[in-house]
Amino acid sequence: MDAPLAAFFAAQPGAAGEPNARANAGTRAGAPGDTSAGAQTTDGAAAQSRPPPRPTPSPILSPRAACFALAAANRTPGARQRRTPLEDIAAVIADAEPQDCLDAAFASESHRPSGVRRAARRAETSPPPFRDVDYFAALARWLGCGFERGPALTELAKRQRLAMTTSDDGIVVRGYRGTKPFVAIVPAPTWLPHLAALIAAKPELAGQVVIVPPQAIVEALGGDGPTVSYGRLTPLHGVADRDLADRVITPAQAAVLGTVGAVLLLALLTQPIASLFALLIAMTVILIFYASSRAMALAVSVSGAPLRRRLRAGELPDYSILIPLYKEDDGLKHLVTALTRLDYPPDKLDIQFLVEADDTLTQRAILRDAAALTCRMTLVPAGHPRTKPRALNVGLRQARGSLVTIFDAEDRPDPKQLRIAAETFAAASPSLAAVQAHLTIDHISDNWLTKMFAIEYACLFDHILPMVAAQGRLLLLGGTSNHFRTDALIEAGGWDPYNVTEDADLAVRLCRKGYRIAMIDSHTWEEAPVTVQAWLKQRSRWFKGFIQTWLVHNRHPLAFVREAGLADALVFHVFILGALTAAVAHCAFVLQLGLLLLGEPVLYGQSIWLGGLQTLAIAVGYGTSFILGMQSIQRRRSGAISPFAVAWFPVYWVLMGAAVLIAIHDIVRMPHHWRKTTHGVAARPRRVASP
């Protein structure tokens, strides 16, 4: 330890340094809580002398045992009022490894005081809490210090100038509460052994020290404009192993799929017509169920939006906005403009731009375009996989709002969207975990591809999802403008960093935990891909994620049905398998039609039954899709798309089939690769329109 800890905690006023001009107020606070790296910035140094000599080490306690003994001592009743030095602990704990300190702190959260000492004999590490507030609160309880989330530090910074010092050991903020010295610290893991030794030897210092999470210092001393902090990467997620898409398939699934594939191949070789008949029956059943969802959306005319309870400005909760970005530049200023138009108290907004640490392009864009916005730029540490959900987890652990939402770089949300979501949650029971806003394309006249994309979104978000929500069934979330109760999101484990459709997967996990999702009457305007190449990148990623999600939640099919319920499990299979099957079936139909026009026999030969089944599937599937598309166009009444634009659907669906094939290739060769969609390409309206 290069700096004497005692210099930070002198009991007499002035010994810690009179509060001066806000030292290092512009310094960007690091994330000392990340076990993979200490504080990311070094500014100024504390005194260079060593701490006073320690007593002779005790032969009874090992350094690791001393860490757990400190945890047990501070868990006992009246520990905060104790003023007796813990000499045995102080003598050896400074020689402990940082991981021993972390293990003791986190183990004490889940054990009785009597069981904490026994836990020291186990070699395994204790997993850190997911949220920063829980992480640093555990360290505070282990040390016997106070803990604050941050608002008190922000209020203190408004009344006086605080002095901040950063080093590799952590961040120290010094000031006064009345006439008493006040010290707020964010300790790095490397600091913990020496900090614990000092407080164990001088327990009166615990009354002067407050542990805070890194974002508390960022918010208190950051000032206007974007402040920069380093996110904590560990743990990478809170998703249970059984629901994690880090593996494509399990050995049991591989055995089942291999057996089914072998049987199917043998059947096709020995009984081709009968085998095709069985396959077509299965495909037709899936397609009819899938088409029925469209038919129900046509028949049920409801918005699906739940009731709201009007809230005054003072009643609105803190709201965290997570904005994951990667290589975004030109379009960011439009998002910033939309954020400034939000009808929500600015002091209750917690806006985080989540940027990869090596993405200097986006970092410069945020510092340039968001200079007038009170926000944070959280740098996501390097690591694998580099995906949107991994960045979201880094932001979630720092989120201070009881509600949290996600916006993408190209989004332009309705100014009242946060208020609508907050009032919806206020009127609903705690079982409502999330709400989804309508996603709408605002540059529909660019070319035929953007028209098809706009019609598809209108069908999904204006008809199908509201129908599903009105029935109280499993609603697969869109990738943006979904709003969550933070506690429910944490309980579900956050996002799966390995799943490239993290939204759909999260919706299923929430459903399995007994939560429900609703739609709200609010729109977010989005950008559609304007080229076939960009469209294929996006859609193949979605289809790959659908395959991942279906495989993950069918590792234990009976458990899935038991937890989600039979009806929601059926909805899940219909929507996932239906989307994949419809794309492949359309391509097979086009191939058959081409062979027929060339005078070749169609694939099912002369079988009337096979032909009849296929005709039924085509009639139901194509008919409902065309009618739903035309109704969606007429409902928007924009005049920018003719109802006859649905005639392009067969061409659009061929692209769907190509995207499925790319998805199958990707899930085999690069299952966690994120095919990035480039934004800021389309010529979009300058202002947020009304739907």
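## Overall make-up

Helices here are DSSP runs of H or I with at least four residues, and strands are runs of E with at least two. On that basis the chain has 22 helices and 14 strands. The model is predicted.

Of the 691 residues in the chain, 55% are buried. The chain exposes about 29100 Å². Carbon and sulfur atoms supply 60% of that area. Take the contacts between residues at least 6 apart in sequence: 81% of them join residues at least 24 apart.

## Nonpolar cores

In soluble globular proteins, nonpolar side chains tend to be buried together. The largest nonpolar core in this chain holds 82 residues. Phe 484, Trp 495, Leu 510, Trp 535 and Phe 543 touch the most other members. Helix H15, residues 448-470, gives the most to this core, with 13 residues. A second, separate core has 59 residues, among them Leu 70, Leu 143, Ala 197 and Ile 211.

Leu 510 deserves a look. Beyond its neighbours within four places in sequence, Leu 510 is in contact with Ala 433, Ala 434, Phe 484, Ala 488, Ala 492, Tyr 515 and Ile 517. Phe 484, one of these partners, is also listed with Leu 510 among the core residues that touch the most other members.

## Ser 522

Ser 522 lies in strand S14, which spans residues 516-526. Its relative accessible area is 1%, so Ser 522 counts as buried; the cut-off is under 20%.

The side chain of Ser 522 makes a polar contact of 3.2 Å with the side chain of Gln 417. Setting aside neighbours within four places in sequence, Ser 522 is in contact with Asp 414, Gln 417, Ile 420, Ala 437 and His 438.

Key: Residues are numbered from 1 along each chain as its sequence is written. This is a predicted model: local features need pLDDT of at least 70, side-chain atom pairs count only at pLDDT 80 or more; totals for chains, interfaces and linings use all residues. Side-chain values use heavy atoms; hydrogens and water are left out. Buried means under 20% relative accessible area, exposed over 50%, partly exposed in between (1.4 Å probe, protein chains only). A polar contact is a pair of N or O atoms within 3.5 Å; within protein, one must be able to donate a hydrogen and the other to accept it, and residues adjacent in sequence count only if both atoms are side-chain atoms. Contact means heavy atoms within 4.5 Å. A nonpolar core is a set of buried Ala, Val, Leu, Ile, Met, Phe, Trp, Tyr and Cys residues joined through side-chain atoms within 4.5 Å. Accessible areas come from the Shrake-Rupley method with a 1.4 Å probe; for residues, only the protein chains shown count as cover.
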